[in-house]
Amino acid sequence: MSFVTHLECSLTGKIYPAGQVHGLSEAGRPLLVRYDLEAMKAKLSKEELATSKAPGFWRYADFLPVADAENRVSLGEVMTPIIPLEQSAHHLGAQSGNVLVKDEGRLPTGSFKARGLCLAVSMAKEFGLKHLAIPTNGNAGAAMAAYAGRAGMKSTVLCPSDTPDINIREIQSQGGDTYMVNGLINDCGKIVGQGKESVGWFDISTLKEPYRIEGKKTMGLELAEQLGWQLPDVIFYPTGGGTGLIGMWKAFAELKEMGWIDGPMPRMVAVQATGCAPIVKAWEEGEEHAPLWEDAHTVAAGIRVPIAVGDFLIIRAVRESDGFAIAVPDEEIMAMRDAIAADEGLLLCPEGAATAVAYKQALAAGQIKKTDKAVLWNCATGLKYPLPEVSGRLDKDADIDFGQF
């Protein structure tokens with residue numbers, strides 16, 4: 001069964017029926033899935049949830065739109081760990097134990113994109129769709145190809161030509177028909193949109209269908225459960241298309257309405273790179289929509305999104321939570337990645353490292369306090385990105401100078 005009652009345009013509030021294939025609303029904006037939360041509250045309990053044997057985020061199946069359990073596509077999802085930063089707390093100016101990393105790199109295909117794409121593909125299976133297409137900076141395409149392959153669907157993936165090589169190879173190896181495009185992710189998205197009628201594929205781009213948000217919503221549900229239904233003071237989230245930030249805020253609102261959480265909500269912080277910061281610019285200027293960011297560039301490929309269809313939803317969540325948006329430079333992102341890897345044994349992806357830089361910057365600026373419990377979102381394993389070269393060499397046939405060690 002499903003507790004879904006209807007879908008709703010995020011901009012106009014217009015109601016759309018559940019149980020039908022939908023893309024964007026008539027207003028060209030994302031659709032949000034709505035539930036009978038009273039009925040859900042009457043059926044579910046935290047105690048019952050704690051005994052669930054479902055894999056990973058499928059433990060929250062009642063909070064999700066898939067009606068038939070046979071349509072749940074799974075690749076062995078897990079609850080991702082929360083890891084406190086201890087050795088590197090001094091580097092951030094933080095109190096040890098107050099900065100936690102939610103490490104999404106432990107999910108199938110090595111990133112948090114598994115959450116959203118798993119739900120989108122599962123719903124595509126429920127609707128009988130056969131061919132999915134997506135523009136991607138890497139991780140979303142890998143997740144879509146993997147889950148679509150698992151579900152027996154055809155997948156077509158378009159990547160900017162400078163997408164990290166390992167991502168492109170991963171997508172193709174997992175069955176996605178992979179094409180590199182001489183442009184950015186929004187250029188890839190235009191091609192996907194143009195091909196819908198002639199090819200017949202379903203566009204599964206960020207927020208252009210309703211269910212990736214629901215998958216990303218599980219990040220908020222999982223975080224709340226892991227922290228004993230007590231939310232942190234602040235969440236730093238690497239923001240490109242922003243589905244996860246929107247999804248978490250939706251999760252917290254639903255949990256609060258059900259009475260599962262109380263007290264203050266976390267402050268949501270949208271983290272971008274200085275070379276691609278449309279949300280930051282719009283937030284600073286008091287705008288609700290973020291125009292196209294020209295000449296977008298950053299080493300953190302996952303947040304190189306020059307324009308987002310859900311821009312106003314990101315900015316609303318930031319403002320409603322009394323949060324903020326912040327941009328950090330590439331050189332500090334990579335230095336932070338290397339420092340935390342050496343100090344903690346925790347290899348963040350560049351996007352995850354950006355949240356640590358943002359934390360340090362926000363703390364120094366007085367935007368947050370040392371006593372705040374902060375969660376940094378590491379969205380993928382650092383092993384999927386270029387790493388520093390190793391220059392040390394030893395010649396087994398020569399005299400070894402042990403003084404060098």
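These legends describe close-up views of a predicted model. Local features need pLDDT of at least 70 and side-chain atom pairs count only at pLDDT 80 or more, while totals for chains, interfaces and linings use all residues. Residues are numbered from 1 along each chain as its sequence is written, and side-chain values use heavy atoms, with hydrogens and water left out.

**View 1. Helix α4 crosses helix α5.**
Helices (H or I, at least four residues) and strands (E, at least two) are DSSP runs, numbered from the N terminus. α4 covers residues 113-126 and α5 covers residues 139-151. Their axes come within 9 Å and cross at roughly 40°. Axes are lines fitted to C-alpha atoms, for helices over the stretch in contact, and angles run from 0 to 180 degrees between N-to-C directions. α4 and α5 are therefore oblique to each other. Angles under 35 degrees count as roughly parallel, over 145 as roughly antiparallel, 65 to 115 as roughly perpendicular and the rest as oblique. The crossing of α4 past α5 is right-handed; in such a crossing the near helix is turned clockwise from the far one by less than a right angle. Contact (heavy atoms within 4.5 Å) involves Lys 113, Ala 114, Leu 117, Cys 118 and Val 121 of α4. From α5 come Asn 139, Ala 140, Ala 143, Met 144, Tyr 147, Ala 148 and Ala 151. By class, 10 of the contact residues are nonpolar, one is polar and one is charged. Here Ala, Val, Leu, Ile, Met, Phe, Trp, Tyr, Cys and Pro count as nonpolar, Asp, Glu, Lys and Arg as charged, and the others, Gly among them, as polar.

**View 2. Helix α9 crosses helix α10.**
The axes of α9 (residues 211-226) and α10 (residues 243-258) come within 7 Å. They cross at roughly 60°, and the two helices are therefore oblique to each other. α9 passes α10 in a right-handed crossing. Contact residues of α9 include Ile 213, Met 219, Gly 220 and Leu 223. Those of α10 include Gly 244, Met 248, Phe 252 and Leu 255. The contact of α9 with α10 has 10 nonpolar, four polar and six charged residues.

**View 3. Phe 252 sits in helix α10.**
Phe 252 counts as buried because its relative accessibility is 0%. Buried means under 20% relative accessible area, exposed over 50%, partly exposed in between (1.4 Å probe, protein chains only). Leaving out residues up to four places away in sequence, Phe 252 touches Gly 220, Leu 223, Leu 231, Ile 235, Ile 261, Met 265, Pro 266 and Met 268. Its C-alpha is 10.0 Å from that of Leu 223, 29 residues away in sequence.

**View 4. The largest nonpolar core has 90 residues.**
A nonpolar core is a set of buried Ala, Val, Leu, Ile, Met, Phe, Trp, Tyr and Cys residues joined through side-chain atoms within 4.5 Å. Phe 63, Leu 132, Phe 252 and Trp 377 have the most contacts inside the largest core. A second, separate core of 29 residues includes Ile 333, Ala 354, Leu 363 and Ala 374.

**View 5. Helix α12 is mostly covered.**
Seven of the 10 residues of α12 (residues 311-320) are buried. They are Asp 311, Phe 312, Leu 313, Ile 314, Ile 315, Ala 317 and Val 318. These buried residues pack against α10, β11 (267-273), α11 (278-284) and β12 (324-328). Asp 322 follows α12, with a positive phi near 60°.
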